[in-house]
Amino acid sequence: MRVTKAQLRAAVGRVAEDLIADRPSTIPSVVGLKEINRMFGYASNTAYQLRARGVMPEPTSPISGNPVWKLVTIYAWAEETNREIVWDPWGICAPSGQPTDTLADQ
């Protein structure tokens, strides 16, 4: 599943709308290494290795000492590096905006 620039722009809009809505957020604004491993179908330590080798974008900031990235940054990185996303519970890659997999399927 590839991410297009149009999908990224739409995702940014959806994240922004989600953050200002008068309800709990349904789309995370940031993701950590575990979510990145899951998004790309990597082994449990692959994202850690990619980060150590400088392949991944710089983290947005640490939360509790752990690096996190803006969700849209990771989708943009996937587009720029031609990486395939296999887990998209937020429906960002899907034309319909529907999730391609959910946490309940784990």
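These are my notebook entries on a predicted model of one protein.

**Entry 1: overall layout**

I started with the secondary structure. I found 4 helices and 3 strands in the protein. Reading along the sequence, I wrote down the pattern α-β-α-α-β-β-α. Next I looked up burial. Of the 106 residues in the protein, 34% are buried.

**Entry 2: aromatic rings**

How many aromatic pairs does a search of the whole structure find? I noted 2 aromatic pairs. To describe such a pair, I need the distance of the ring centres and the angle of the planes.

I took F40 and Y42 to begin with. Their ring centres are 5.3 Å apart, and their planes stand at 20°. Stacked means planes under 30 degrees apart, so this pair is stacked.

I then looked up F40 and W77. Here the ring centres are 5.5 Å apart and the planes stand at 85°. Edge-to-face means over 60 degrees, so I logged this pair as edge-to-face. The pair of F40 and W77 links distant parts of the chain. F40 sits in helix α2 and W77 in helix α4, 37 residues apart.

Taken together, ring pairs link F40, Y42 and W77 into a cluster.

**Entry 3: burial in the cluster**

Which of these residues are buried, and which are partly exposed? I used the cut-off for buried, under 20% relative accessible area. F40 has 6% relative accessibility, so F40 counts as buried. W77 has a relative accessible area of 4%, so W77 is buried too. Y42 has a relative accessible area of 21%, so Y42 is partly exposed.

**Entry 4: around F40**

I stayed with F40, in helix α2. What does F40 touch, leaving out residues up to four places away in sequence? My list reads I74, W77, A78, R83, E84, I85 and V86. I also checked F40 against W87. These two residues are 47 residues apart along the chain. Their C-alpha atoms are separated by 6.6 Å.

**Entry 5: D88**

I moved on to D88. Where is D88 found? It is in the segment after α4, the helix that covers 71-81. Is D88 buried or exposed? Its relative accessibility is 0%, so D88 counts as buried. I then looked for a partner of the D88 side chain. A polar contact of 2.5 Å joins the D88 side chain to the side chain of Y75.

**Entry 6: the largest pocket**

Last, I looked at pockets. The largest pocket holds about 170 Å³ of space. Which residues line the largest pocket? I listed V30, G32, L33, K34, Y48, I63, S64, N66, P67 and V68. Two elements give two or more residues to this lining: α2 (33-40) and β3 (66-70). The largest share, 3 residues, comes from β3. I sorted the lining residues by type as well. They divide into 6 nonpolar, 3 polar and 1 charged.

**Entry 7: looking back**

Conventions:
Residues are numbered from 1 along each chain as its sequence is written. This is a predicted model: local features need pLDDT of at least 70, side-chain atom pairs count only at pLDDT 80 or more; totals for chains, interfaces and linings use all residues. Side-chain values use heavy atoms; hydrogens and water are left out. Buried means under 20% relative accessible area, exposed over 50%, partly exposed in between (1.4 Å probe, protein chains only). A polar contact is a pair of N or O atoms within 3.5 Å; within protein, one must be able to donate a hydrogen and the other to accept it, and residues adjacent in sequence count only if both atoms are side-chain atoms. On a 1 Å grid over the protein atoms alone, a cavity is a set of points where a 1.4 Å probe fits but cannot get out, and a pocket is an open set with protein on both sides within 12 Å along at least five of seven lines; lining residues have an atom within 4 Å of a point. Grid points are joined across faces, edges and corners, and a volume is the space filled by probe spheres set on the points. Ala, Val, Leu, Ile, Met, Phe, Trp, Tyr, Cys and Pro count as nonpolar, Asp, Glu, Lys and Arg as charged, and the others, Gly among them, as polar. Rings of Phe, Tyr and Trp (its six-membered ring) pair if their centres lie within 6.5 Å; planes under 30 degrees apart count as stacked, over 60 as edge-to-face and the rest as tilted. Contact means heavy atoms within 4.5 Å.
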